[in-house]
Amino acid sequence: MPSFLPALICFSFAISYFTWHVSMNPPPLPDRVPSMRRLSAAGTSTHKLIVPGSMFVVCGGAFIVFLVGVFRDGRSPEGLLIPPAMAAIVYVFMKFSVWVLVDEVWEDNGWLVVRNQGREARIDLLDIIHIRRSHSSRPQSVTLILREPCVFGRSIKFLPPFRFFEWGKPPVMKELAQRIESKRQMAAVSGGA
């Protein structure tokens, strides 16, 4: 085993712990907007950078191991194709599961404030027509399907706050569904008055 491989594994575990720590300790709500409540995990933007970065570091380390094996031990060069194939698989996986996540989702008195890569959208809760969660991915993600597309498209996907045991629906889904129903009833009452 190459001498740098244990260090690479330790680095990956350290990154994973850092990501978990950030998601468990969200920053306090901004003072200028005390009515806003965070619905997404605090460490989502870190998760979107660190997890893919550590995966690509592992692929790069594997490439170096195969390269050393080819030049020092005279192994067959076909093994050099494995790390780029692994990196391509990681890229496709990240593109459809991690990089589609928005950085922040906040609830602000009947509106959602969604932020991603410096852009922001305000979405009325009544524009959400469906809420679903991922069943196969860990950590679980929540997807909001909108009546009309916003700057991020017709669906908004985010990570809910971290839970140790992810059985059942994330609590944020139930809270959001209740707020949508409450706002719908208020709109019906005010519209009928």
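Entry 1: I began with what a salt bridge is: a side-chain nitrogen of Lys or Arg within 4 Å of a carboxyl oxygen of Asp or Glu. Please keep in mind that I am reading a predicted model. With that in hand, I looked up E181 and R184, whose side chains form a salt bridge at 3.7 Å, N to O. Both sit in helix α4, and because they are three residues apart there, about one helical turn separates them. E181 is partly exposed, with 37% relative accessibility. R184 is partly exposed too, with a relative accessible area of 36%.

I also noted a network: E104, R115 and E120 are joined into one by salt bridges that share partners.

Entry 2: How many salt bridges does a search of the whole structure find? I noted eight.

One of them pairs the side chains of E107 and R179, at 3.6 Å from N to O. This pair links distant parts of the chain, 72 residues apart: E107 belongs to strand β2 (residues 104–107) and R179 to helix α4. Is E107 buried or exposed? I found E107 buried, since its relative accessibility is 5% and the cut-off for buried is under 20%. R179, in turn, is partly exposed at 37%.

Next I turned to D108 and R122, which form a salt bridge with their closest N and O atoms 3.4 Å apart. D108 is in the loop between β2 and β3 (111–116), while R122 is in strand β4 (residues 119–124), so their pairing ties together parts 14 residues apart in sequence. D108 is buried, with a relative accessible area of 13%. For R122 I wrote down 45%, which means partly exposed.

**Entry 3: the nonpolar core.** Which residues touch the most other members of the largest nonpolar core? My list reads L112, I128, I131, L144, I156, F158 and L176, out of 20 residues in that core. I then asked which elements give two or more residues to this core, and they are β3, β4, β5 (128–133), β6 (142–150), β7 and α4. The most comes from α4, which gives four residues.

Setting aside neighbours within four places in sequence, I131 is in contact with V142, T143, L144, M173, L176, A177 and I180.

**Entry 4: a proline in a loop.** Where is P170 found? I located P170 in the loop between β7 (153–158) and α4 (171–192). P170 is buried, because its relative accessible area is 2%, against a cut-off of under 20%. Not counting residues up to four places away in sequence, P170 touches R133, Q140, V142, P160 and R163. I looked at P160 again: P170 and P160 are ten residues apart in sequence, and their C-alpha atoms are 6.9 Å apart in space.

Entry 5: My last stop was a nonpolar surface patch of about 420 Å², made by Y91, V92, F96 and W99. W99 has its place in the loop between α3 (82–97) and β2. I noted that W99 is partly exposed, with a relative accessible area of 33%.

Conventions. Residues numbered from 1 in each chain as written. Predicted model: local features only at pLDDT ≥ 70, side-chain atom pairs only at ≥ 80, totals over all residues. Heavy atoms only, no water. Buried < 20%, exposed > 50% of the residue type's maximum accessible area, 1.4 Å probe, protein only. Contact = heavy atoms within 4.5 Å. Core = buried A, V, L, I, M, F, W, Y, C linked by side-chain atoms within 4.5 Å. Patch = residues over 30% accessible without salt bridge, like charges linked within 9 Å, V, L, I, M, F, W, Y side chains within 5 Å. Areas by Shrake-Rupley, 256 points an atom, 1.4 Å probe, with all protein chains shown as cover.
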